[in-house]
Amino acid sequence: MSSKDLQSYVNSLLLSQYLRKPIIKSIIQSMQLPTSSTGLDLGCGIGLNTILLAEVLGPCGQVIGLDREEEMLLKARSLLSKSEVNERISLEKGDVGNLPFPDKSFDWACSIDCVGAIAVDPVPLLKEVIRVVKPGGQVFIIIWSSQSILPGFPLLEARLNASSAGIAPFAIGMAPEMHTMRALGWFKQAGFTDNRAQTFIRDICPPLKAEIIAAMTDLFNMRWGSIEKEVAPELWHDYQRLCRPDSPDFILKIPDYYAFFTYSVFSGRVQ
Ligand SMILES: C[S@@+](CC[C@H](N)C(=O)[O-])C[C@H]1O[C@@H](n2cnc3c(N)ncnc32)[C@H](O)[C@@H]1O
């Protein structure tokens with residue numbers, strides 16, 4: 001990744017946290033992680049949610065954040081140094097498919113917007129995760145699963161979503177079993193028990209704070225900003241009219257703008 005791309009990726013992660021933090025916090029609460037446990041955050045990025053995981057553990061709890069990108073870990077280190085739970089977190093460079101840890105190292109593991117959001121067969125990844133989690137420990141895949149963010153324009157939103165960016169990392173021709181919403185099957189195939197799925201919702205209600213407007217603007221761009229060649233010119237025109245902050249019809253200017261998005265949590269227990 002070029003340093004410009006990296007900066008814009010990191011910026012998007014920071015902005016998206018204004019949207020994600022409340023919902024991820026609720027999800028983490030629901031996971032009931034044992035207070036003094038040691039857990040693994042797979043694909044921790046810049047550590048935004050590693051901090052939230054560490055916050056629910058007690059002073060003897062530990063979270064190891066793993067990411068394959070050195071630049072992400074560098075940013076995570078600087079962010080963590082300002083966090084009150086810095087002592088409970090360590091960071092490791094490594095790949096989810098080939099974890100640099102001995103067998104049965106962790107009480108639990110979770111992946112937030114990583115496993116399932118990357119175009120890699122998730123079953124071998126989950127098998128590798130089983131190796132490093134102790135029997136009885138839980139593994140969680142937490143993943144952005146849907147959104148309704150263009151109120152009043154359902155057809156435009158559906159058409160924009162019917163693009164490669166809208167369905168990524170799923171691609172036309174991929175086996176249906178590879179779609180995120182089939183993640184319960186991944187857990188079953190990898191050999192987990194007690195497999196569960198639950199969906200959480202985040203409402204975006206008026207009045208919109210400046211940081212929410214910035215995060216939603218970035219989200220519009222992240223989801224659909226690169227699909228001009230895939231959609232009809234009039235759709236692209238409507239997308240720009242509604243989703244660009246410099247447009248007089250910018251949708252976030254509607255006083256009653258309401259949107260929501262969901263995160264789905266898939267989990268299983270190591271036998
Ligand atoms: C969308 S970010 C999510 C980061 C973080 N979990 C969060 O919620 O803010 C996905 C992260 O997964 C990392 N990643 C992708 N594939 C990976 C792999 N095979 N092994 C380790 N990390 C990976 C990327 O480098 C990136 O930092």
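Mentor: Let's start at Gln32, which lies in the loop between α1 and β1. Those labels come from DSSP runs: helices are H or I with at least four residues, strands are E with at least two, and both are numbered from the N terminus. Phi of Gln32 is near 45°, a positive value in a residue other than glycine.

Trainee: What kind of model is this, and how are residues numbered?

Mentor: This is a predicted model, where local features need pLDDT of at least 70, side-chain atom pairs count only at pLDDT 80 or more, and totals for chains, interfaces and linings use all residues. Numbering runs from 1 along each chain as its sequence is written.

Trainee: Is Gln32 buried or exposed?

Mentor: The idea is to count other C-beta atoms, placed from the backbone, within 10 Å of the residue's own: 20 or more means buried, 12 or fewer exposed, and in between partly exposed. Gln32 has 9 of them, so it is exposed. Now try Asp113, in the loop between β4 (106–112) and α4 (122–132). Phi of Asp113 is near 55°, again a positive value in a residue other than glycine. Asp113 counts as partly exposed because it has 19 C-beta neighbours inside 10 Å.

Trainee: Which peptide bond involving Pro169 is cis?

Mentor: Look at omega for the bond joining Ala168 and Pro169: it is about 10°, and the bond is cis. Pro169 sits in the loop between α6 and α7 (183–190). A cis bond also joins Pro206 and Pro207, with omega about -5°. Pro207 is in the loop between β6 and α8.

Trainee: Now strands. How many bridges join β1 to β2?

Mentor: Two strands pair if DSSP finds at least two bridges between them. Strand β1 (residues 38–42) and β2 run parallel and are joined by 5 bridges. One example is Asp41, whose bridge partner in β2 is Gly65. On its other pairing, β2 is joined by 5 bridges to strand β3 (residues 89–93), also in parallel. There, Asp67 stands opposite Lys93 in β3.

Trainee: What does the chain cross through from β2 to β3?

Mentor: It goes through helix α3 (residues 70–81), and this β-α-β crossover is right-handed. To judge the hand, point the strands away from you: a path from the first strand over the helix to the second that runs clockwise is right-handed. β1, helix α2 (residues 48–55) and β2 make a right-handed β-α-β unit too.

Trainee: Why is strand β2 called largely enclosed?

Mentor: Because 5 of the 6 residues of β2 (residues 62–67) are buried, the rest of the structure largely encloses it. Compare β6: the number buried is 1 of its 12 residues, so β6 lies largely in the open. β6 is joined to β7 by 10 bridges, and these two run antiparallel. Ala197 stands opposite Phe266 in β7.

Trainee: What is Ser267 in contact with?

Mentor: Contact means that two C-beta atoms, placed from the backbone, lie within 7 Å. Leaving aside neighbours within four places in sequence, Ser267 is in contact with Gln138, Val139, Phe140 and Arg196. Ser267 is in strand β7 (residues 259–269). It counts as buried because it has 22 C-beta neighbours inside 10 Å.

Trainee: How do I read a helix, say α8?

Mentor: The expected span is 1.5 Å times one less than the number of residues. Helix α8 (residues 210–224) has 15 residues and reaches 21 Å from first C-alpha to last, close to the 21 Å expected. Buried residues in α8 include Ala215, Leu219 and Arg223. An α-helix has 3.6 residues a turn, so residues three or four places apart point the same way. The cover over the buried residues of α8 includes α1 (3–30), α5 (154–161) and α9 (233–243).

Trainee: Last one: how many residues surround the ligand?

Mentor: Here, a residue is near if its C-beta atom, placed from the backbone, lies within 6 Å. 17 residues surround the ligand, and Gly43, Gly45, Arg68, Val96 and Ile112 are the closest. The shell has 8 nonpolar, 4 polar and 5 charged residues. Ala, Val, Leu, Ile, Met, Phe, Trp, Tyr, Cys and Pro count as nonpolar, Asp, Glu, Lys and Arg as charged, and the others, Gly among them, as polar.
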